[in-house]
Amino acid sequence: MMKLRDGRTLYYGKGDVLTYRTYAAPLAVTPIPESPYCGETNIIFAHNVTFSVSSEVLLSSFSEGDNTHVVATDSMKNFILRHAAAYDGSTTEGFLAYVAEAFLAQYPHITDVEMTADRIPFQSIQVGGDGGFNESGLVFRRSHNEHAHASLGMKRGADAGAVVVSHASGIADLQLIKVSGSSFYGFIRDDYTTLPESYDRPLFIFLNINWRYSKVTDAIDGSSGAYVAAEQVRDLAQHVFHSIQSPSIQYLVCQIGLQLLSRFLQLEEVSFESNNRTWETIVDRDSATGAGVYTEPRPPFGFQGFSLTRADLESADFQKAMAAQISEKSVVSP
Ligand SMILES: O=c1[nH]c(=O)c2[nH]c(=O)[nH]c2[nH]1
């Protein structure tokens, strides 16, 4: 049979399984200099989960309408929700691994499980008291800012155990504006060029960052000390954006990638999808006060994709290119 885009020939499952678990185990991470984040209470451990399975024996459900081997997607939803109650870990990746492994154990005819989860972020509110402001711990504010996500593929192994065959973690919809300190000039000027060169633009980017660990256990086990929180990745990206004079988004994401791989030695790969939402200038900034007026840019929007592996970093070609550019561009101080 022809393979689908993700390599599977068939699958079915349930999406938008909204899973609001309260009082999951707290997460503590190893702090990094670029981030004040040190962990998460997980008082609300909420996710939008997508779950799907595949197996050769499911072919007859497609070809003959034979439902003998079909676990109803409604039952999958129940399985996820009930296992959310029993999960005793602290990470999204760990939760996915726990559910996927339990499902393979429960249904021996299923060979593959694919799961993704978008974290639904809730932030504790601060309440005033005698000693100042403290976390409420009871009232939370739903956040519509960036969110963490993870995906995991698990297969039944040769010895009937489950093995992780793919995993990724990420942060989506980070939206950052730097009001000064970004340029874009020196690009090809020809008959098609109308964009003026900019030596100080208000750079607004939408950013998705994804990463993969060398050892998936570091992602799954929140108590390993090697877990990388999406908040830390976000804060490091913000730190780099703040610190460098960027000549382009391409350069910016590469610098963030380099910084991530040097800060988190447990990561094997980082990748970026960026979108350029630079504000359109209406009134140029006043050089004395900085006051300017901008409006929303109109479509179409530019985008960039970039991935960096630890092997890239160690390759001679890459090091040569970096050495050349370090001498001509500002770099981030660690
Ligand atoms: O950072 C940028 N990279 C580009 O490739 C590009 N192209 C463009 O029109 N504006 C920008 N900005």
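This is a predicted model: local features need pLDDT of at least 70, side-chain atom pairs count only at pLDDT 80 or more; totals for chains, interfaces and linings use all residues.
A residue counts as exposed when its relative accessible area is over 50%, as buried when that area is under 20%, and as partly exposed in between.

Most residues other than glycine have a negative phi, and most peptide bonds are trans.

The peptide bond that runs from Pro299 to Pro300 is cis, with omega near 0 degrees. Pro300 belongs to the loop between strand E13 (293–295) and strand E14 (303–309).

**The ligand and its surroundings**

The residues that surround the ligand are Phe184, Leu195, Arg201, Ser248, Ile249, Gln250, Asn276 and Gln304. By type, this shell divides into 3 nonpolar, 4 polar and 1 charged residues. Within the shell, a polar side-chain atom of Arg201 lies 2.8 Å from an oxygen atom of the ligand, while an N or O atom in the side chain of Gln250 is 2.8 Å from a nitrogen atom of the ligand. Asn276 also brings a polar side-chain atom to a ligand nitrogen, here at 3.4 Å. On its own the ligand has 290 Å² of accessible area, and the protein covers 69% of it.

**Salt bridges**

The count for the model comes to 8 salt bridges, and the table sets out some of them, including the distance between nitrogen and oxygen.

| Residue with nitrogen | Residue with oxygen | N to O distance |
|---|---|---|
| Arg263 | Glu34 | 2.7 Å |
| Arg234 | Glu146 | 3.2 Å |
| Arg212 | Glu269 | 2.6 Å |

The salt bridge between Arg263 and Glu34 has its closest N and O atoms 2.7 Å apart. This pair links distant parts of the chain, with Arg263 in helix H6 (residues 249–263) and Glu34 in the loop between strand E2 (27–28) and E3, 229 residues apart. The two partners fall into separate accessibility classes: Arg263 is partly exposed because its relative accessibility is 27%, whereas Glu34 is buried because its relative accessible area is 8%.

The side chains of Arg234 and Glu146 meet in a salt bridge, at 3.2 Å from N to O. Here too distant parts of the chain are linked, since Arg234 is in helix H5 (residues 230–243) and Glu146 is in the loop between strand E7 (132–142) and strand E8 (147–156), 88 residues apart. Both Arg234 and Glu146 are buried.

For Arg212 and Glu269, the closest N and O atoms of the salt bridge are 2.6 Å apart. Arg212 lies in strand E10 (residues 203–213) and Glu269 in strand E11 (residues 267–276), so this pair ties together parts that are 57 residues apart in sequence. Arg212 counts as partly exposed because its relative accessibility is 30%. Elsewhere among the salt bridges, shared partners join Glu146, Arg234 and Asp235 into one network.

**A nonpolar surface patch and a distant pair**

On the surface, Met1, Leu59 and Phe62 form a nonpolar patch, and together they have about 340 Å² of accessible area. Met1 sits in the segment before strand E1 (12–22), and Met1 counts as exposed because its relative accessible area is 69%.

Gln175 is found in strand E9 (residues 162–178) and counts as partly exposed, because its relative accessibility is 44%. Gln175 and Cys38 are 137 residues apart in sequence, and in space the separation from C-alpha to C-alpha is 22 Å.

Conventions. Residues are numbered from 1 along each chain as its sequence is written. Side-chain values use heavy atoms; hydrogens and water are left out. Patches are made of residues with over 30% relative accessible area and no salt bridge: like charges are joined within 9 Å, nonpolar side chains (Val, Leu, Ile, Met, Phe, Trp, Tyr) within 5 Å. Accessible areas come from the Shrake-Rupley method with a 1.4 Å probe; for residues, only the protein chains shown count as cover. A salt bridge is a side-chain nitrogen of Lys or Arg within 4 Å of a carboxyl oxygen of Asp or Glu. Helices (H or I, at least four residues) and strands (E, at least two) are DSSP runs, numbered from the N terminus. Buried means under 20% relative accessible area, exposed over 50%, partly exposed in between (1.4 Å probe, protein chains only). A residue is near a molecule or strand if one of its heavy atoms lies within 4 Å of it. A polar contact is a pair of N or O atoms within 3.5 Å; within protein, one must be able to donate a hydrogen and the other to accept it, and residues adjacent in sequence count only if both atoms are side-chain atoms. Ala, Val, Leu, Ile, Met, Phe, Trp, Tyr, Cys and Pro count as nonpolar, Asp, Glu, Lys and Arg as charged, and the others, Gly among them, as polar.
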